[in-house]
Amino acid sequence: MIEIKNLTKSFGPNLIWEDVSLDIEEGETLAVIGKSGSGKSVLMKHLNVLLYPDSGEVLINGLNVFEIRYARLRKLRQQFGVLFQGAALFDSITAYENVAFPLRFFSEFNDDQIHERVMESLKLVNLADIGKKTPAELSGGMKKRVGLARAIVMKPNYLLYDEPTSGLDPQTSDEINDLIINMAETLEITSIVITHDMHSVLRVADKVAFLDKQKLSWYGTVDEMRQSTHQDLRAFIKASEYTI
Amino acid sequence: MQLFVDVGRYCRLIYEAIRSSTEFGMYWRNIFIEMVKTGFDSLPIIILAGFFTGAVMTIQTSYQLVAGFIPPSTIGSIVSQSLLIELAAVISALVLAGRVGARIATELGTMAVSEQIDALESMGFNSVTFLVMPRVLAGIFMFPVIYVAAAVAGMSGGLLSGYMTGAVPVADFMLGARQVFSPADVSFGIIKSFVFGYIITSISCYKGYFATGGAEGVGQATTQAAVLSCIYILVADFVLAFLLL
């Protein structure tokens, strides 16, 4: 379980958000929504401590992640798989090697076992025939899927998705949404999806956190969101040109 | 104010690199890759720069030493000693500030702005050990090799241009070079190249690692890495000459 308690973050004089508190239950999929610049990705980067807050805590199974030493933090980070907005694939190696990358350094597997695990991950994202293509040869959707395969290859407990459908056509976005649902169900992973794509939110999320006006403006289940009269949330959904 | 921020972050990066060096064994392959990129791949440009530096210096020295009572071997002495003490190390460092420094800053800068460094960290890697340490160590190890290559190429250039222009016969050039040769000069050049290797790679790693702002940010980081490396090479050259000669 992830507990975010009274988290406040600013960059220099610019306050991003303050006093953010929410819980993410095991196996749950939380969507964090909000306008561009509302600090969604910043919040995500606090969960695996790529950023430190000004104040507040993130507890993972009761452990405050901001207080642990770097060596232990690196072990903790391996419990997280992250799909970055641009996939963040290493462009000097092939897509296959990108997926195999963490296994080569952090597992005791031999080459056959690594191959087996990589193919298992690639099959889960429907890219078993990716071969020796480099990231430059892949489409946006394929890059995201390879990024997702790399994120799940170490069998993490938590999956963080940063704008998984941004820049993709509706059909490819749907494929990514299907994968997010599939990951959560097949691997029983706790997922946090950073997005402003309401279609994606309604398809994949159990709960929704709405960041707005430098705070957690609204937090609840998808059903509660459908019935919410929260003015800013409704305005955001309306601006997304999505009817619920 | 920004200067203090830069110095603090640079020191912090180097401290992190040294502190985490115990786990460097995990990434030892990276250093060989970087040694090839920094050293072996730079040899053509270094040999070219060294060769022409020696060639031009021989012609210019012979032009300046017009008095008949100065023996031609003096040209060999001046050219060889200048190359060993100063030019082989400094010219190669200035050339590599552009070639190696720009490459490192661009590579790391692109990784930084495309979240590849974040991806490394989130997988559990120590990105400083993985990215910075191999590049800095490769610079420290390979620059002395580059210095030797530049010095040999410079001598060859001087010898050949002296012979072809008739400024100094080969035997006289060699005699002059042998007369002033001192192992201490080579040691001085090697110490310089160690320091220059560290300066170029560490500054370029720093600028690339902390690059922000997309393609423009990477461009700025690359330019700053090359310019700052050149400035600190010249400053370090003066300090080392003052301290060691």
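How many residues does the contact take from chain B, and how many from chain A? In this predicted model, 11 residues come from chain B and 15 residues from chain A. When the side of chain B that touches chain A is divided by class, it is found to hold 3 nonpolar, 5 polar and 3 charged residues.

Chain A contains an open sheet of 6 strands, arranged in the order S6-S7-S8-S3-S9-S10 and with mixed pairing. Strand S6 (80-83) and strand S10 (215-221) of chain A stand at the edges of this sheet, and because each has a single partner strand, one side of each is left without a neighbour in the sheet. With direction ignored, neighbouring strands are turned against each other by 15° on average. Within the sheet, strand S3 (residues 29-34) of chain A runs parallel to strand S9 (residues 207-212) of chain A, to which it is joined by 5 bridges; A:Leu30, for example, has A:Lys207 in S9(A) as its bridge partner. Helix H5 (residues 140-152) of chain A lies across S6 and strand S7 (158-162) of chain A, and its direction is at about 170° to S6(A).

A further pairing in chain A is that of strand S1 (residues 2-11) with strand S2 (residues 14-24), which is antiparallel and extends over 7 bridges. A:Ile4 stands opposite A:Leu22 of S2(A) in this arrangement. The hairpin formed by S1(A) and S2(A) has 2 residues between the strands, and A:Gly12 takes a positive phi near 60° there.

In helix H3 (residues 95-106) of chain A, the buried residues are A:Ala95, A:Tyr96, A:Asn98, A:Val99, A:Ala100, A:Phe101 and A:Pro102. Their cover includes elements of both chains, namely helix H4 (111-124) and H5 of chain A together with helix H5 (116-123) of chain B.

In chain B, the axes of helix H3 (residues 43-64) and helix H4 (residues 73-113) come within 9 Å and cross at roughly 140°, and the crossing in which H3(B) passes H4(B) is right-handed. Among the residues that meet in this contact are B:Ile45, B:Ile46, B:Ala49, B:Gly50 and B:Met57 from H3(B), and B:Ile75, B:Ile78, B:Leu83, B:Ile91 and B:Arg99 from H4(B). By class, the contact of H3(B) with H4(B) comprises 12 nonpolar, 8 polar and 1 charged residues.

Note on methods: Residues are numbered from 1 along each chain as its sequence is written. Chains are lettered from A and ligands numbered from 1 in the order in which they are written. This is a predicted model: local features need pLDDT of at least 70, side-chain atom pairs count only at pLDDT 80 or more; totals for chains, interfaces and linings use all residues. Two residues are in contact if their C-beta atoms, placed from the backbone, lie within 7 Å. Ala, Val, Leu, Ile, Met, Phe, Trp, Tyr, Cys and Pro count as nonpolar, Asp, Glu, Lys and Arg as charged, and the others, Gly among them, as polar. Axes are lines fitted to C-alpha atoms, for helices over the stretch in contact, and angles run from 0 to 180 degrees between N-to-C directions. Helices (H or I, at least four residues) and strands (E, at least two) are DSSP runs, numbered from the N terminus. A crossing is left-handed if the near helix is turned anticlockwise from the far one by less than a right angle, and right-handed if clockwise. Two strands pair if DSSP finds at least two bridges between them. A residue is buried if 20 or more other C-beta atoms lie within 10 Å of its own, exposed if 12 or fewer, and partly exposed in between; C-beta atoms are placed from the backbone.
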